[in-house]
Amino acid sequence: MQTFLEFEKPIAELEGKIEELRHLTNAGDINIADEVAKLQAKVDKLLRQTYAKLTPAQKVQVARHPNRPHCLDYVHGLIEDFTPLAGDRHFAEDRAVIGGLGRFRGRSVVVIGQEKGNDTETRVRHNFGMAKPEGYRKAQRLMDLADRFKLPVVSLVDTAGAFPGVQAEERGQAEAIAKSIERCLRLNVPMVASVIGEGGSGGAIAIATADRVLMLEHAIYSVISPEGCASILWRSSDMAGEAAIALRLISQDLKELGVIDHVVSEPIGGAHRDPAETIKKLGDCIEESLGELDGLDGATLRAKRREKFLEMGQKGLG
């Protein structure tokens, strides 16, 4: 069942009328098919107009849309013979982080991603995509595996942030994230990261410090959530819209700032309206990015990756 966001109410009304007409038979001079076609044309036009001028706050809503494809949707759509690997070999299995081996368009790869879940049961199972230290240590283990067998790493970022609970802090959350970032930087194989929904804080950067960082058109990527930022700066989450603007968390701004390398366009109306097309487009971009990195040795990859992120800091300080 399609879920409509607050700013999509006019679209929802038109689509509701279309559904009503489809349950009717032709009566008198009214041709139902023609009426449906006219309304559908209006829906398409309204979708284009609405999504062409989304505010940052509205993009946050789209990035969090419950019907938006998540990590496992991309894994099932792009990775053949996926073999999940569990556990960090220290404490436990973290289901917020999905990882394993598979074949991406004929190429063996290591896949690491964050899964939010699609309904109440799966969201609880995956802890809403918020990983604990063992999740990031599992990611490090998978990167060690990639280095050992000379396999590229493909990561799929979709998290509001690392899990902030007391138990996570007791088990070394900050250290686990820092080590994961360090491990990304030390990889001797190509790494391509894709922000597919929310890229929140260090929880996202831990698996996104890559040679190429791709981002879906209506995804977001920021150091803190707009609500968290507003609560700190204005002492009120009601200012989340203003915080979203100030954070410059949308893909177009981040491309301009040099934080990401490529914006992957989404179908009109967002990824949730045509998941298959979105998954294919992202797959094409990942394939192109891996092709650009083919033939580079480990020392060159490490040096270029290091320079890339150092340059971001130097620009920011400038």
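A cavity is a set of points, on a 1 Å grid over the protein atoms alone, where a 1.4 Å probe fits but cannot get out, and its lining residues are those with an atom within 4 Å of a point. This is a predicted model, in which local features need pLDDT of at least 70 and side-chain atom pairs count only at pLDDT 80 or more, while totals for chains, interfaces and linings use all residues. Residues are numbered from 1 along each chain as its sequence is written, and side-chain values use heavy atoms, with hydrogens and water left out.

The structure holds two cavities of 30 Å³ or more, where a volume is the space filled by probe spheres set on grid points that are joined across faces, edges and corners.

| Cavity | Volume | Largest share of lining |
|---|---|---|
| Largest | about 50 Å³ | β5, three residues |

Helices (H or I, at least four residues) and strands (E, at least two) are DSSP runs numbered from the N terminus. Around the second largest cavity stand Y74, V75, L78, I79, F104, V154, L156 and I286, and both α4 (71-78) and β4 (153-159) supply at least two residues of this lining. Its residues are eight nonpolar, no polar and no charged, where Ala, Val, Leu, Ile, Met, Phe, Trp, Tyr, Cys and Pro count as nonpolar, Asp, Glu, Lys and Arg as charged, and the others, Gly among them, as polar.

The lining of the largest cavity, by contrast, divides into five nonpolar, five polar and one charged. Among its residues are A160, E198, G199, G200 and I220, and β5 (191-200) and β7 (220-222) each supply at least two.

Definitions and conventions:
1 Å grid on protein atoms, 1.4 Å probe; cavity = no way out; pocket = protein on both sides within 12 Å on 5 of 7 lines; lining within 4 Å.
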